[in-house]
Amino acid sequence: MTQTAQKPAQSIPVHRAADFTVVNGANLGDPVSFAAELELDDTYELHKDAGQQRLSIIAAEDGSFTIAPDTALGTPGATLHLDCCLTMMSGNAETTEVLVLVEVDARGHAAAIYALPLAPLTPRMGYTLVGIDRDNARRKFAQVGCVSFSRGTHITLASGAQRPIEDLTVGDAVLTRDDGPRQVRWIGQSTVRAVGEFAPIRIMAGALNNANDLVVSPDHRLFIYQRSDRLGAGRHQVLVRARHLVNGETVVRQDGGFIDYFQLLFDEHQIIYAEGIAAETLLLDPRTRPALPGDLGERIAPTAPGHRPRPHLQFEVGESLLDHPDPASLLKNASTR
């Protein structure tokens with residue numbers, strides 16, 4: 001098994017530090033930086049031409065991060081340090097959180113700094129730095145990495161019955177694709193602003209042969225069996241991220257307001273059925289573990305130290321294979337013909 005299968009890369013959309021600079025305050029003209037160099041009450045602006053790029057990362061078992069070989073930004077193999085979570089306030093009193101990540105070179109020096117906003121930043125709008133949090137940055141980063149279902153999603157139980165996810169309880173037996181009936185180990189719930197990396201993807205009824213709409217977090221992976229290999233993946237079974245299926249019509253990004261998200265954890269990473277679509281559950285790894293509340297991560301470590309690689313994780317296809325005007329229709333047709 002390859003290293004990529006054992007330690008799957010995850011990508012996040014970041015700005016280079018130079019895209020987000022101080023326009024008023026003590027550090028006038030400086031880009032966003034790590035906590036020790038920041039000053040509260042400085043006002044930042046995102047440059048008008050600034051764009052986000054995908055930074056691919058690999059989480060090691062000790063909780064450290066390195067930049068993955070397939071990254072669009074940064075130096076592959078370099079260490080990546082999660083420094084802090086910033087709270088920025090705009091002129092209309094709305095707050096936005098920004099995670100600061102530091103790329104470190106072989107000598108241990110900062111080689112590059114990246115900003116991961118948890119809600120979209122508006123170019124040329126003033127954002128005043130009102131908070132610097134070093135303690136909860138890892139938990140915030142973990143929440144972005146947790147795949148989530150929305151309130152109201154119907155989950156298929158081992159009995160074949162459908163139950164809304166908010167009515168599930170720990171110990172309920174759910175039907176899994178690979179292992180049959182399996183008990184839910186933990187259920188997470190959070191309410192977040194439906195913006196940026198937390199803006200859900202709505203897969204309309206019928207888009208993937210689903211009877212009802214399915215609303216999931218953007219990086220949630222769906223398992224699809226192609227009767228014919230329309231994608232050119234070289235196999236019939238594929239895992240695709242919801243955000244790669246957006247076509248503006250039957251699969252849309254749902255921005256605005258708030259959303260209730262639920263995470264399902266099993267003893268192993270599983271593929272279950274949500275609104276009839278095969279979809280993954282929470283993958284417990286060094287990145288997502290801090291999202292578990294309190295000491296839950298420590299308590300379950302002896303029996304679930306981190307989900308082992310499953311064969312289905314090798315089926316993921318990248319965005320390049322989904323470069324099609326309507327990838328959802330392509331996959332729908334491939335699954336039925």
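Of the 337 residues of the chain, 50% count as buried, where buried denotes under 20% relative accessible area, exposed over 50%, and partly exposed the range in between (1.4 Å probe, protein chains only). The model is a predicted one, in which local features need pLDDT of at least 70 and side-chain atom pairs count only at pLDDT 80 or more, while totals for chains, interfaces and linings use all residues. Residues are numbered from 1 along each chain as its sequence is written, and side-chain values use heavy atoms, with hydrogens and water left out.

The chain contains 4 helices and 23 strands; helices (H or I, at least four residues) and strands (E, at least two) are DSSP runs numbered from the N terminus. Its radius of gyration is 20 Å, close to the 20 Å that the globule rule gives for 337 residues, so the chain is as compact as a globular protein of that length. The radius is taken over C-alpha atoms, and the rule is 2.2 Å times the number of residues to the power 0.38. Along the principal axes, the C-alpha atoms fill a box of roughly 60 × 45 × 40 Å. Among contacts in the chain with a separation of 6 or more, 63% are accounted for by residues 24 or more positions apart, a contact being heavy atoms within 4.5 Å.

Helix H4 spans residues 327–336, and its buried residues are Pro327, Ala328, Leu330, Leu331, Ala334 and Ser335. These residues cover an arc of only 160 degrees around the axis, which puts them on the same side of H4; the arc is that of the directions from the helix axis to the C-beta atoms. The cover over the buried residues of H4 includes strands E18 (221–225), E19 (237–241) and E20 (251–253).

Arginine 253 lies in strand E20 and counts as partly exposed, at 34% relative accessibility. Leaving aside neighbours within four places in sequence, arginine 253 is in contact with Gly196, Ala199, Pro200, Ile201, Pro218, Arg243 and Val246. The C-alpha atoms of arginine 253 and alanine 242 are separated by 9.5 Å, the two residues being 11 residues apart along the chain.

Proline 311 is placed in the loop between helix H3 (296–300) and H4. With 53% relative accessibility, proline 311 counts as exposed. Between the C-alpha atoms of proline 311 and aspartate 178, which are 133 residues apart along the chain, the separation is 9.7 Å.
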